[in-house]
Structures are given as structure tokens and as C-alpha cells.
Amino acid sequence: MSKRYDVVLLDADDTVYDFKLAEKTAVSRTLRKFGVEPTDGVVSLYSTCNLWCWKALERGELDREELKPRRFQMLFERIGKAPVDFYALNAMYEHNLSQCGFMLPGAMDFVKKLHEEYDVKIYMATNGLTVPQTGRYRRSGVGDYIDGIYISEQIGASKPDKAYFDYIFADLGVTDKSRVIILGDSLTSDMQGGRNAGIATCRYLREGKPDGNPLCDYEITSYGEFFRVLDKGHL
């Protein structure tokens with residue numbers, strides 16, 4: 001097979017990991033320990049607070065250490081609960097999340113096939129935090145088929161910051177960025193990050209339809225379509 005790319009940067013959450021299930025499981029276990037009943041409404045509100053914090057991180061409005069307690073502080077304020085030790089709460093949540101290595105349907109088979117049948121190097125590129133991401137990486141077994149993982153907390157920069165990708169390129173000795181592609185679900189971190197870094201971008205739309213977004217070189221709705229992206233004989 002004549003392939004377009006030699007290196008695949010693979011986003012983690014909502015690209016191969018089922019983050020919604022992991023988040024719901026981990027936050028429910030954690031809130032119960034702090035006296036909060038994790039109803040669907042409370043869990044949904046936490047997700048909203050958490051997403052707001054991560055988007056603020058991408059925009060440079062929060063750093064990682066501020067993000068960790070802030071998402072829970074926002075939640076407790078909105079549900080009218082008295083403040084607790086939000087750092088301790090966050091630490092318990094990170095531990096619980098590290099135990100939740102749930103994969104999306106078909107994701108493991110996809111990564112395994114990519115590893116075994118295609119002559120590419122695969123690296124997970126995630127904005128996640130070190131404890132949850134390393135724990136889920138081990139527990140899920142996906143690390144058996146991936147050549148390494150780059151976690152923003154360890155690097156000191158986050159997607160879509162060009163510095164995040166520059167670190168990866170330097171570490172891998174990448175000299176030809178035209179041979180690198182990022183596969184992810186997020187326009188603001190993965191696709192914008194790929195554009196900032198000067199590499200090809202492929203958006204995974206598990207629940208949606210391609211809309212020709214200019215940040216995306218490719219848009220796919222199933223894992224199988226990505227193999228056609230790699231193959232010069234297709235697309």
C-alpha cells in the first residue's frame with residue numbers, strides 16, 4: 001500500500017475512549033463520597049462546568065492547576081452545596097477516572113488494525129491530565145497497539161497550542177510534517193491544533209455529518225474510512 005502519512009497523532013477522549021461513560025462513572029463515585037447525590041441533572045451540570053473549564057484552558061484563560069478545583073467549585077455553587085476541599089475532591093475524581101478505561105465501540109479493533117496492518121507510527125495526543133490518562137491507557141489495553149502517549153500536563157502545553165505539537169515533533173525527530181496527520185473529534189483542540197502545527201487534520205464525526213469545515217482536511221463518520229485517508233489510492 002502506498003500511504004500518505006507515516007505518523008498518526010490520535011486524540012483520546014471521544015475519539016477512542018468513551019469519555020461520557022467514564023466521566024459519568026467517575027464523577028458519580030466521587031460526588032457520593034462528598035455527600036452529593038449524582039442525579040442525571042447533577043452529572044450533566046458537572047459536564048457543562050468541566051467543558052467550560054477545558055475550553056477556557058484551550059483559550060489560555062485557565063491553567064491546569066486552576067482547572068482541577070474550579071470545575072467542582074462551579075458545580076457546588078450552582079447546586080447550592082456548601083464548599084468542600086475541592087483539591088481533595090478533584091484528586092479522588094482523577095483516581096476514579098483513571099480506573100475507567102472504557103473504549104468506544106470498534107475503537108480497539110480500529111487501533112489494532114492500524115498497528116498490525118499499516119506501516120505507521122501511532123501516538124496518543126491528549127489534553128487530559130496525567131493520572132487519569134495514564135491509568136486509562138494501561139487499563140484499557142490500547143497501549144499494546146500504540147507507540148506512545150503525549151499528555152499535555154506533562155508537556156506543559158495544550159492543544160491547540162503550536163508548542164504542544166512542536167514538543168512532539170522534536171521528541172520524535174519529525175522533519176517532514178507533511179507525513180503527519182491528527183485524528184480527533186474536536187474542532188477547537190484537534191483540528192485547530194493541527195492547523196497551527198502545519199499537519200493534516202482528520203475529524204472523527206461519530207455523531208454527526210461532514211460539513212466541509214475549513215479546519216479539516218478530511219472528515220470521517222466511521223473508523224474504517226480512516227484507512228482510505230491513509231491510502232493514496234483512495235479519496
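**Figure 1. Contacts of Val-174 outside its sequence neighbourhood.** Apart from neighbours within four places in sequence, Val-174 is in contact (heavy atoms within 4.5 Å) with Phe-169 and Val-180. Val-174 sits in the loop between α8 and β4; helices (H or I, at least four residues) and strands (E, at least two) are DSSP runs, numbered from the N terminus. Thr-201 is 27 residues from Val-174 along the chain, and their C-alpha atoms are 17 Å apart. The model is predicted: local features need pLDDT of at least 70, side-chain atom pairs count only at pLDDT 80 or more, and totals for chains, interfaces and linings use all residues. Residues are numbered from 1 along each chain as its sequence is written, and side-chain values use heavy atoms, with hydrogens and water left out.

Figure 2. Six strands form an open sheet in the order β3-β2-β1-β4-β5-β6, with parallel pairing; two strands pair if DSSP finds at least two bridges between them. Strands β1 (residues 7-10) and β2 (residues 121-126) run parallel and are joined by four bridges. In this pair, Val-7 stands opposite Lys-121 in β2. Helix α8 (residues 162-172) packs on the sheet and touches β1, β2, β3 and β4 (180-184). The direction of α8 makes about 150 degrees with that of β3; axes are lines fitted to C-alpha atoms, for helices over the stretch in contact, and angles run from 0 to 180 degrees between N-to-C directions.

Figure 3. The largest pocket has a volume of about 750 Å³. On a 1 Å grid over the protein atoms alone, a pocket is an open set of points where a 1.4 Å probe fits, with protein on both sides within 12 Å along at least five of seven lines. Grid points are joined across faces, edges and corners, and the volume is the space filled by probe spheres set on the points. The lining (residues with an atom within 4 Å of a point) has 29 residues, and Asp-13, Asp-14, Phe-19, Leu-51 and Trp-54 lie nearest the centre. By type, eight are nonpolar, nine polar and twelve charged; Ala, Val, Leu, Ile, Met, Phe, Trp, Tyr, Cys and Pro count as nonpolar, Asp, Glu, Lys and Arg as charged, and the others, Gly among them, as polar. Helix α2 gives the largest share of the lining, six residues.

Figure 4. The side chains of Lys-24 and Asp-40 form a salt bridge at 3.9 Å, N to O; the term means a side-chain nitrogen of Lys or Arg within 4 Å of a carboxyl oxygen of Asp or Glu. Lys-24 belongs to helix α1 and Asp-40 to helix α2, so the pair ties together parts 16 residues apart in sequence.

**Figure 5. Backbone at Pro-160 and Asp-14.** Lys-159 and Pro-160 are joined by a cis peptide bond, with omega about 15 degrees. Asp-14, in the loop between β1 and α1, has a positive phi near 65 degrees.
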